[in-house]
Amino acid sequence: MFCVVGNRARAAIIRSQRITRLTPDVIAELVAEIGPLWRERHQRKLAVRPRRRAVGVGAKHKLVFVDRLLATRVHLRHSATHDVLASWFGVDRSTITRAISEVRPLLADRGCTIRPGQRLRTLAEVIDYLGSDGRTGIIDGTEVRVRRPAAGRKDREKFISGKNKQNVVKSMVVTDADGRLLFCSPAEPASCADITHARKLGLVKLLAEGPAVKILADAGYQGLSAQTGDRMVTPPHRKFKKNRPEWYDEMHELQRKAHSSRRIRVEHGIGHLNNWRSLARHHGRREHMSDIIQAIAGLLSHQQAATTGGSTRM
């Protein structure tokens, strides 16, 4: 598929995993999977709008689909500007902008790959997957800085995080006990507490009514254990605030560290997400963050599933 290279930029990007962090085989899989979806959506748009000429007549695309995919991938990984990408691929800046806006939602809709041929797209599928194999899940929230809404907007304060005092959006990440990404939720304004976000996503109902699954979480989710039949495991409470026995502090610290050592895997998964420049820097487009986070999670999980042990750092 890649034996005939249309331009130098495409050849350099495909050959260098330092740019894409993807092998040529994985790039070929993405092209074969997403290419038909993009063409179908494009043809559907052409068919519904008023036309004076037949479909297919007129100027042809200067940017073939594989280049559109690579441009989107490089933009997500390195946050390269549209002007730079346009120079690489020899097209206008507006062509790159349109290509990224078309390909990014397709990547976001793919979900997380857990093994070749098996993918998880919803939280319900994640709970069923964990329950079928008796696996333990781990959840935590991650935050990404965004531009503050303009003065006078009624929702201006919704994006201020109480933890880091910045304007951010947050997403809930679910991994298994090995730190493999299973799910990444759409972005919510930072004022939404972690426990509220979990309820809005339906996690409490899924745990209470679904298969017997243990989910490890931090103190931000305390209170959900009673609502889920002890299936949500959070750090232990201090039962004695005054007049504690001498042995109690040591025992409580051992229990807390034991829980933290099991839960740390989700932090590793979030760390791999934050290695992507689009999530590590201040981002101005709040409305695009859900697609960006979910597209990156899908690409990262795909590469993990394609490597032995699923532990490749990207």
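## Terms and model

Two strands pair if DSSP finds at least two bridges between them. Helices (H or I, at least four residues) and strands (E, at least two) are DSSP runs, numbered from the N terminus.

This is a predicted model, in which local features need pLDDT of at least 70, side-chain atom pairs count only at pLDDT 80 or more, and totals for chains, interfaces and linings use all residues. Residues are numbered from 1 along each chain as its sequence is written, and side-chain values use heavy atoms, with hydrogens and water left out.

Strand 3 pairs with strand 7 (residues 214-216) in the parallel sense over three bridges; here I138 has L216 as its bridge partner. With strand 4, the pairing of strand 3 is antiparallel and runs over nine bridges. In that strand, V168 stands opposite R145.

## The hairpin of strands 4 and 5

Strand 4 (residues 168-176) also pairs with strand 5 (residues 181-184), in the antiparallel sense and over three bridges. T175 has L181 of strand 5 as its bridge partner. Four residues lie between the strands of this hairpin, and G179 takes a positive phi near 85°.

## Helix 3

Helix 3 (residues 24-48) has 25 residues and reaches 36 Å from its first C-alpha to its last. This is close to the expected 36 Å, which is 1.5 Å times one less than the number of residues. Its buried residues include I27, L30, I34 and W38.

Key. Buried means under 20% relative accessible area, exposed over 50%, partly exposed in between (1.4 Å probe, protein chains only).
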